[in-house]
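Here is a briefing on the model shown below. Have the sequence and the structure open side by side as you read.

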Amino acid sequence: MSKKVVTEADIEALARDGVVEVVRGMIVTPLAREYASRRGIRLVYGGGSVPSSEDIPRDPHSGAKGPAAPDLPALVTEEVSRALSGLTGSGERSIPEGSPVRDDRLPAALQEARDQEPARAVVVAAGMNRPGVAAAITSAVSDCGADIQDISQTIVSDFFSMILVVNLATLHAGLSFRTFKDRVESAGRDIGAETAVFHEAILRAMHRV
Amino acid sequence: MLYRPDEVTETLRMVEAEHLDIRTVTLGISMLGCPSKDPAAIEAYVFDRVTTLARNLSLAAAEVEEMFGVPIVNRRVALTPMSLVLEGAPPDAYPRAAEAMDRAAAEVGVDYIAGYSALVHKGATPGDAALMRSYPEVLAATSRVCGSVNLASSRAGINMEAVSVMGRVFSEVGRRTPNASGCARLVVFANAPEDNPFIAGAMHGVGEPEVVLNVGVSGPGVVLAALERHRRLDARTDFTSLAETVKRTAFKITRAGELIGREVVARLGPPVQFGVVDLSLAPTPARGDSVANILEAMGIERAGAHGTTAALYLLTDAVKKGGVMASSSVGGLSGAFIPVSEDAGMVDAVRVGAMTLDKLEAMTSICSVGLDMVAVPGDTPPETIAAIIADEMAIGVANHKTTAVRVLPVPGARPGDTVNLGGLLGELIVMEVKPHDVSRFVGLGGRIPAPLTGLRN
């Protein structure tokens with residue numbers, strides 16, 4: 001069967017008893033998913049053609065087959081709601097909990113790109129000095145399984161600043177870069193240090209010829 | 001330390017405080033494979049192809065954004081000039097194809113889709129003419145479709161018939177869309193580049209591969225901050241050292257742009273290829289993200305004052321030199337372009353009378369891309385708009401560079417009035433147009449021949 005793009009308009013026509021069966025080769029657009037969820041139409045995957053192994057992305061870290069990294073549905077949701085808010089003028093999230101949009105799967109190419117990501121991140125933290133600030137941030141890093149490869153830390157009068165280069169290859173299985181970033185940044189904020197986490201590749205691009 | 005603390009903080013500062021961002025990642029999609037001239041078939045082809053190839057664009061861009069902490073402001077789609085796809089199709093195919101583009105853009109979550117375009121620098125086919133005629137209807141009926149027309153080239157000269165048609169089209173679109181906002185999605189070119197990622201002039205040229213991702217880097221704020229720091233730290237500031245500072249900064253911005261573009265391409269997977277980095281310094285209405293402010297940081301009280309053209313030359317030249325060192329895939333417009341409404345410093349300069357249409361025109365001759373996002377009174381005769389276009393085309397043709405016009409004849413507006421378009425499009429001050437009659441000149445018809453320098457073989 002050739003690829004078929006299923007749009008908002010098609011959902012109604014395809015629905016049987018409130019269910020649309022999505023078979024291989026069908027591409028359901030984000031707007032169609034949103035429409036379906038608003039109308040209470042369920043999207044059911046599989047039917048006669050259960051997704052083959054290459055349809056189910058591997059977990060980037062453990063290599064195990066299974067659902068995509070946990071942050072992805074949130075990302076998709078955000079993207080779609082951003083697109084929709086452009087349409088309606090309201091900035092509110094319009095994807096309800098349990099929407100099929102939250103159920104998306106990564107395309108293979110996206111997964112491949114993730115696997116090839118450069119494996120180092122840079123953590124920058126700055127704020128007023130206080131006991132435990134370095135410990136709070138470094139333990140957030142090690143709690144995620146990341147390995148600190150390089151530290152530069154200084155105190156100027158009362159100000160604390162620290163730069164870490166961490167190896168992400170040892171990150172705990174199932175933990176995405178996004179989750180790592182969120183955890184370390186919030187650990188820093190909790191102890192009063194502005195913290196930013198980003199991939200090392202951008203530093204290499206900008207500062208190394 | 002693998003990286004010096006000052007290198008790390010510089011990158012962080014550029015992103016956090018100085019508005020370093022990727023202005024756009026634009027997916028160019030070839031439409032030449034459309035198998036039919038039947039309106040319904042064209043509609044389906046356009047819609048299916050865009051929604052299939054661009055469906056992961058937003059997702060991939062968001063992921064890369066997250067990875068590097070650098071915002072990607074816009075995700076956009078550009079198609080093969082639709083006049084080529086629609087040539088020979090019945091008249092109703094034109095609005096239907098545009099409507100399909102509009103719907104597809106909404107489906108994949110991009111705010112603008114470009115390529116409702118025609119190339120008529122030497123002459124128009126019936127299809128080209130039909131497409132140009134359809135602009136008022138199409139731009140009024142859609143909200144995401146952008147069009148462009150190449151009216152002149154250094155090899156062919158200026159197609160004055162088409163210039164005059166587009167003068168009328170701008171007037172008509174201005175009347176039919178609120179505050180002439182439809183004109184913000186329409187631009188005319190001399191020497192249009194085939195790989196420009198910036199809206200409204202983006203298109204996927206016929207020499208391009210099937211699907212290609214082009215990146216528009218930005219960062220007037222970063223350049224401005226670098227110049228100000230340079231002046232503070234170094235008492236011996238002269239023009240050479242200013243140029244050097246801009247060059248180094250442009251190098252870093254471009255490297256970041258190419259990295260991010262390639263990461264997005266990796267996520268989109270085949271058949272998407274990486275295209276070019278466009279080095280244009282593109283402003284946004286945000287304070288501190290203005291090209292005019294860079295000129296002012298060089299010591300010009302207001303953009304538009306005498307000396308502005310020289311300052312802009314220095315700026316654009318240094319940006320290009322830094323960018324070309326940073327990437328072997330430089331393309332698109334790659335000149336500072338200053339959409340007047342989208343640059344807070346330019347708006348201020350127009351408001352106080354420092355920046356006029358004439359000065360803008362002079363600036364385009366040296367480096368910037370054109371009269372971009374300029375509002376004129378709605379009762380400006382179409383012939384006068386055509387003449388404004390013709391002047392720009394002449395500058396582009398004679399200097400072998402891209403020039404463009406995106407002019408908004410705002411109905412009922414007088415010079416000095418403020419028109420707010422909202423969002424990224426910003427605020428416009430209506431500019432004064434000379435009242436003298438030029439209709440006899442514009443109406444002569446035919447083509448202004450190419451310059452001698454067009455004959456280079």
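Start with Y112(B), which sits in the loop between α5 (93-108) and β3 (113-114) of chain B. Y112(B) is buried, at a relative accessible area of 17%. Keep in mind that this is a predicted model. Across both chains, the points below cover contacts, salt bridges and backbone geometry.

**Around Y112(B)**

- Setting aside neighbours within four places in sequence, Y112(B) contacts R76(B), V77(B), S143(B), R144(B), C146(B), R185(B), I199(B) and L425(B).
- The C-alpha atom of Y112(B) is separated by 9.8 Å from that of T26(B), a residue 86 positions away along the chain.
- One of the contact partners of Y112(B) is I199(B), and I199(B) is also part of a cis peptide bond.

**Cis peptide bonds in chain B**

- Most peptide bonds are trans.
- The bond joining I199(B) and A200(B) is cis, with omega at about 5 degrees.
- A200(B) belongs to the loop between β7 (186-190) and β8 (211-217) of chain B.
- A cis peptide bond also joins P270(B) and P271(B), where omega is about 5 degrees.
- P271(B) is placed in the loop between α9 (239-268) and β9 (272-278) of chain B.

**Positive phi in chain B**

- Most residues other than glycine have a negative phi.
- A180(B) has a positive phi, near 60 degrees, and is not a glycine.
- Look for A180(B) in the loop between α7 (160-176) and β7 of chain B.
- Is A180(B) buried or exposed? A180(B) counts as buried, at 0% relative accessibility.
- S334(B), also a residue other than glycine, has a positive phi near 45 degrees.
- The loop between β10 (330-331) and α12 (344-351) of chain B holds S334(B).
- With 11% relative accessibility, S334(B) counts as buried.

**Salt bridges in chain B**

- Over all chains, the structure holds 34 salt bridges.
- D92(B) and R96(B) form a salt bridge, and their closest N and O atoms are 3.8 Å apart.
- D92(B) is partly exposed at 37% relative accessibility, and R96(B) is partly exposed with a relative accessible area of 31%.
- D92(B) and R96(B) belong to a network of salt bridges that also links E43(B), E99(B) and R103(B).
- Elsewhere, the side chains of K434(B) and D358(B) meet in a salt bridge, 2.7 Å from N to O.
- That pair links distant parts of the chain, 76 residues apart: K434(B) is in the loop between β14 (426-429) and α15 (439-442) of chain B, and D358(B) is in helix α13 (residues 357-366) of chain B.
- K434(B) is exposed, with a relative accessible area of 52%.
- D358(B) is partly exposed, with a relative accessible area of 44%.

**A salt bridge in chain A**

- R120(A) and E200(A) meet through their side chains in a salt bridge, 3.1 Å from N to O.
- The two residues are 80 residues apart and link distant parts of the chain.
- R120(A) is in strand β5 (residues 120-128) of chain A, while E200(A) is in the loop between β8 (193-199) and α7 (201-207) of chain A.

**Overall makeup of chain A**

- Chain A has seven helices and eight strands.
- Of its 209 residues, 47% are buried.
- Among contacts in chain A with a separation of 6 or more, 61% are between residues 24 or more positions apart.

**Helix packing in chain A**

- Helix α5 (residues 133-143) of chain A packs on helix α6 (residues 177-190) of chain A at an angle of about 165 degrees, and their axes are 8 Å apart.
- Because of that angle, α5(A) is roughly antiparallel to α6(A).
- The crossing of α5(A) and α6(A) is right-handed.
- From α5(A), the residues A136(A), I137(A), A140(A) and V141(A) take part, and they meet F180(A), R183(A), V184(A), A187(A) and G188(A) of α6(A).
- By class, the contact between α5(A) and α6(A) has seven nonpolar residues, one polar and one charged.

Definitions and conventions
Residues numbered from 1 in each chain as written. Chains lettered and ligands numbered in written order. Predicted model: local features only at pLDDT ≥ 70, side-chain atom pairs only at ≥ 80, totals over all residues. Heavy atoms only, no water. Axes fitted to C-alpha atoms, helices over the stretch in contact; angles between N-to-C directions. Helix = DSSP H or I, 4+ residues; strand = E, 2+ residues; numbered from the N terminus. Parallel < 35°, antiparallel > 145°, perpendicular 65-115°, else oblique. Left-handed = near helix turned anticlockwise from the far one by under 90°. Contact = heavy atoms within 4.5 Å. Nonpolar A, V, L, I, M, F, W, Y, C, P; charged D, E, K, R; others polar. Salt bridge = Lys/Arg side-chain N within 4 Å of Asp/Glu carboxyl O. Buried < 20%, exposed > 50% of the residue type's maximum accessible area, 1.4 Å probe, protein only.
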